[in-house]
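Please look over the structure below before reading on. The text then takes up helix packing and salt bridges in turn.

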Amino acid sequence: MAGNRTIFAQFPEEILGKVFSQLSMEDLVHATAVCKAWQQVASSETLWELICRRRWRLWMRPSTDASAGTSQLKGCYWRSMCQHRVELDTLARSLVADMAWPLKRHCCLRQLVSLGDYVVEELEKLSSQQGNLQEGIRYFASVALERINQSNCVKAMQELLKTPLSKLEDCLARGALIIAKLRYQDLDIEAIESKLDDWKEILLQRLRKDPEFTRQGGLETSGGTLAGLKQLNILIFGKVRCPTQGEETLVHGHHVDDVLQDSQERQNLNLRASREDYYNPSYYYLNEVLDSRKGVETSVAIIHSAIGRRCQIPVQMVAIPMHYVTKVGEEESADERFVNVSDSGRLLQRSECIDLIQSMGLEYEPKMLAPVPPSSVFIAICDNLIAIYSQGDGDQDARRQPKERQRMLLPLLDLLLAIKPDDCSNRFNRVKVLLEMSDFEAAIKDLEELLKLTDKVGMNAEDGISRALLQQYLQNAKEKREFHAAWSSARRTPRPHDVLYKIGTIVTHVRLQYPGVIFGWDKEFSLDEEWITVMKVDQLQYGRSQPFYRVLVDQNFRSTSTYVAQENIMLALGSGPLVHEELGMHFIGYRDGMYIPNEHLCYLYPEDVVEQEDESQLRDQTER
């Protein structure tokens, strides 16, 4: 053995370095223990940097934070960094596994969000992990990735709003895309902004070829700006409408008909602002608007402004009551024009905007036609999306997807509070969402902050939020936390003989015929009186004195979970795997016609799990 070491030690360092560069990090560590020659080569900072960059896309200087378990190795920066990243990856895997336990879930999630981008790669691996019994890991890793993305969006918006106002108007599209990325995690903001730059180049080419734009002196003059605005409208809307005959003639002087008929027409966006489907959330997300070429006035106005300002046309956004328009020109000047984005870009003068306002029964005030700051535009988008996702209170389809609503409402409220931290109304709305998600610690923290704000800024009576109401919510939140902790830790043993179905069993509703999987049971009805009244529990044959089951319903039928009496379900013979977004929250996977419960359910219902294992062993013996 010693002879072999001598031979290896004689290898040139250059060759050893090339060989070692192909090793995994673990094997490289082993190589340092072989002999002094190998240790010297394997400890090379260049080599460790290569391995580190190959394993992770993102890297950082190792933290001295003791909680991360980082050990600094003097003179070995890259090796120390590799060690730190391995520790972070290990911590991420542990936190994801612990998310199966409800009492740890939100704490683990917050810790993963705090680790941020430096655990994203490990989470991506976990979220795409193959195997029938990895459903839980995939689910919780995906949840963590979603929350990290949303946290990054909130930080990006906070950074964007630090931009001076004069420059922030040029960033309207970026702010709107940050809001869109809350929902579309893989959205490439730079790629979409590059598309906007492409349309900018098309507009600049048209301006250079436009004789009227040149004759008016270009963007250095108000007449040239108006000529540029009309070409911008052609690009955005495909046609231009003007209020007076004189301006109509001028438009034809721009060869509008020719533009619409030649090959350049295919380059136009042909955007349409819809007022008919105001509650369609896709009309607020800029990426969706650019794909469908249809959106609400706000989105179309943002695109109009973004492309115009890229070409140095000073387009500003104006929030007329119940309308968003854009404008150019100095206030009340002869060259001031407003663009009605909901009417194919029709150009309006101030007097026509005043008439529009008064036609709504409103008294005109000059501030109604003043440009709005970008932050107000972002707030309006979030407010409208929150109103849409909150429609679940009265909309049957939205009621069927409460978790989806919660997941969308929470980041939007986070974003609004990042813009306006002292907004009591939105903080209170966030409390309600957090309570629905059983994140009691975060809800209590918000309620305590709200109570401080009442002393600091007072309460707006219109919000309907009083100190007494907050104290009542705080007390209820603490009681719910205690009940949730007790329910999540109380073992259901011994198992009553009259409980016929086990955790993980696929059943069918006797009357409604939807399939679902059982993820919990009670020996008798245990919800509140409101549920008894709504679901007419006392009208059942066996009433409330029978086992009740918590069931995830297949999303092909209803996207929800329900609480159903034993007399209303039966075994779903021959049923295969179901579809439901929360299967991974309760089960690690599907096998032999049953769903396999995760650690938490195994703890709560130990006898159900033992019976499953006995049945599985019996099947294995029979097959042999």
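This is a predicted model: local features need pLDDT of at least 70, side-chain atom pairs count only at pLDDT 80 or more; totals for chains, interfaces and linings use all residues.

Residues are numbered from 1 along each chain as its sequence is written, and side-chain values use heavy atoms, without hydrogens and water.

Helices (H or I, at least four residues) and strands (E, at least two) are DSSP runs, numbered from the N terminus. Helix α11 (residues 172-183) packs against helix α20 (residues 374-389) with the axes 9 Å apart and an angle of about 25 degrees. Axes are lines fitted to C-alpha atoms, for helices over the stretch in contact, and angles run from 0 to 180 degrees between N-to-C directions. α11 is therefore roughly parallel to α20; angles under 35 degrees count as roughly parallel, over 145 as roughly antiparallel, 65 to 115 as roughly perpendicular and the rest as oblique. On the α11 side, L172, G175, A176, I179 and R183 meet P374, V377, F378, I381, C382, L385 and Y389 of α20, where contact means heavy atoms within 4.5 Å.

The axes of helix α12 (residues 189-209) and helix α18 (residues 297-310) come within 9 Å and cross at roughly 60 degrees. That angle makes α12 oblique to α18. E193, L196, D197, W199, K200 and L203 of α12 make the contact with A306, I307 and R310 of α18.

A salt bridge is a side-chain nitrogen of Lys or Arg within 4 Å of a carboxyl oxygen of Asp or Glu. By this rule there are 29 salt bridges. In one of them, D439 pairs with R110, with the closest N and O atoms 2.8 Å apart. D439 is in the loop between α23 (424-436) and α24 (440-456), and R110 is in helix α7 (residues 102-115), 329 residues apart. D439 is buried at 8% relative accessible area, whereas R110 is partly exposed at 38%; buried means under 20%, exposed over 50% and partly exposed in between (1.4 Å probe, protein chains only).

R495 and D608 form another salt bridge, at 2.7 Å between the closest N and O atoms. R495 lies in the loop between α25 (467-489) and β7 (506-509) and D608 in helix α29 (residues 606-623), so the pair ties together parts 113 residues apart in sequence. R495 is buried at 13% relative accessibility, and D608 is buried at 1%.

Finally, a network of salt bridges links R147, D414, R427, R430 and D446.
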